Amino acid sequence: MSIETLAENSSIPAESGTSTPYNPADFDTSVMATYGRFPLALEKGEGCRVWDTEGREYLDFVAGIATCTLGHAHPALVETVTQQIKKLHHVSNLYYIPEQGQLAKWIIDHSCAERVFFCNSGAEANEAAIKLTRKYAHTVMDIEHPVILTAKASFHGRTLATITATGQPKYQKNFNPLVPGFHYVPYNDLRAIENAIADLDEGNERVAAIMLEGLQGEGGVRPGNLDYFLRLRKICDETGLLLIMDEVQIGMGRTGKYWGYENLGIEPDIFTSAKGLAGGIPIGAMMCKKFCDVFQAGEHASTFGGNPLACAAALTVGQTLEQENILQNVQERGEQLRKGLRAIAAKYPDLVTDVRGWGLINGMELSADAEVTSADVVKAAIQDGLLLVPAGPKVVRFVPPLIVTAEEVERAVEVVEKAIKTVTA
Ligand SMILES: Cc1ncc(COP(=O)(O)O)c(C=O)c1O
């Protein structure tokens, strides 16, 4: 069953809430139907737990889809946001924003970046990377028709350029004409990328950049191959192509390192971040290691981008990751979770065919031959008080807050085992 049909098919009642007013019928007739929603309304959270409008408690292994880095209502984030909104929350980039400078400095001190551009979302950060690449291709590489190679099964966002960058036709259907200048190659396949670069070198278009996720999140939690990325880095160094890494889902500590590319032994020329950067306060960022002066004043902008509120929040998230030694927790809890899920896979080998991931982004793959889908498992887990999210029809994704405890991981594994038992019954 697709995620879009979950709301209709779930057996969880969706009556009006008891505290925050919530009427699903009114909601559905006033809010556009762009999402397949689960029939529950969440109104309160603390740490890794959330409560719905009926007072039911859930263990949250979704974290706003890999976004609530410090969980819900983390005291440091609450304090920062409260103080900042009382002081100054938005002014525009007509002026210097001290919090933006501090956050940029924090990112530069904790990554390979030399300069940062701020915006509001992952798609917007990727748009900035695409625009920067094009300008660089025209003005420095002397390419008339620059092409960015992206991977099949990738996900880069929902704007027109980023759905075109996304190597999944289902996101592009009915939205043509798409944006020219993208070609797709199979992920983790070096020969395919070498062939694409060579083929395009002979035609009208030429490759200017390669844009990839270090681990494909939406595409099924598929980690990048170390040798592949090492070789790509070498190709880019030798040919002058830009290597762009989309860190929107895996950056900011999610993999147990600050940035996903650290798992691959390389440094990108450009990388993008959003989701977990400010722990759930909207923000996006594009970081450049080289070519930092390509954009001149007035060539790219965002009204909300890097406002004091979002930047203060992100700075607090970064500082808290350090102060509370959260990256170590991510590594340990990630190992614990994969061990627990692998034990389930060993008990249900006909259904669970793989468990994979880095740190606290993990996927449990279900057999292509089984009728059971990831959405079936997610629904069964919700019934037992655990929130999970599919990554495609056959992969169940686990992306809890990075502060998740050993007891919470243990509980989640118990619920998943019960859910697997239920869907195979
Ligand atoms: C790798 C990746 N890039 C880009 C995006 C788009 O981010 P946003 O929804 O903030 O625009 C996502 C969202 O899931 C993502 O996972």
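The chain of this predicted model is divided into domain 1 (3-73 + 326-424) and domain 2 (75-323), with bounds that come from an automatic or database domain assignment. The C-alpha centres of domain 1 and domain 2 lie 27 Å apart, and the contact takes 25 residues from domain 1 and 25 residues from domain 2, two residues being in contact if their C-beta atoms, placed from the backbone, lie within 7 Å. On the side of domain 1 that touches domain 2, α12 gives the most, with five residues; helices (H or I, at least four residues) and strands (E, at least two) are DSSP runs, numbered from the N terminus.

Of the 123 residues in the largest nonpolar core, those that touch the most other members are Ile210, Ile244, Ala285, Ala313, Ala314 and Leu388. Such a core is a set of buried Ala, Val, Leu, Ile, Met, Phe, Trp, Tyr and Cys residues joined through C-beta atoms within 7 Å, where buried denotes 20 or more other C-beta atoms within 10 Å of a residue's own, with C-beta atoms placed from the backbone. Helix α11 (residues 308-323) gives the most to this core, with nine residues. Because domain 1 (3-73 + 326-424) and domain 2 (75-323) both give residues to this core, it lies between them. Apart from its neighbours within four places in sequence, Ala314 is in contact with Leu103, Leu277, Ala278 and Ile283.

Residues are numbered from 1 along each chain as its sequence is written. Local features need pLDDT of at least 70 and side-chain atom pairs count only at pLDDT 80 or more, whereas totals for chains, interfaces and linings use all residues.

Notes:
A residue is buried if 20 or more other C-beta atoms lie within 10 Å of its own, exposed if 12 or fewer, and partly exposed in between; C-beta atoms are placed from the backbone.
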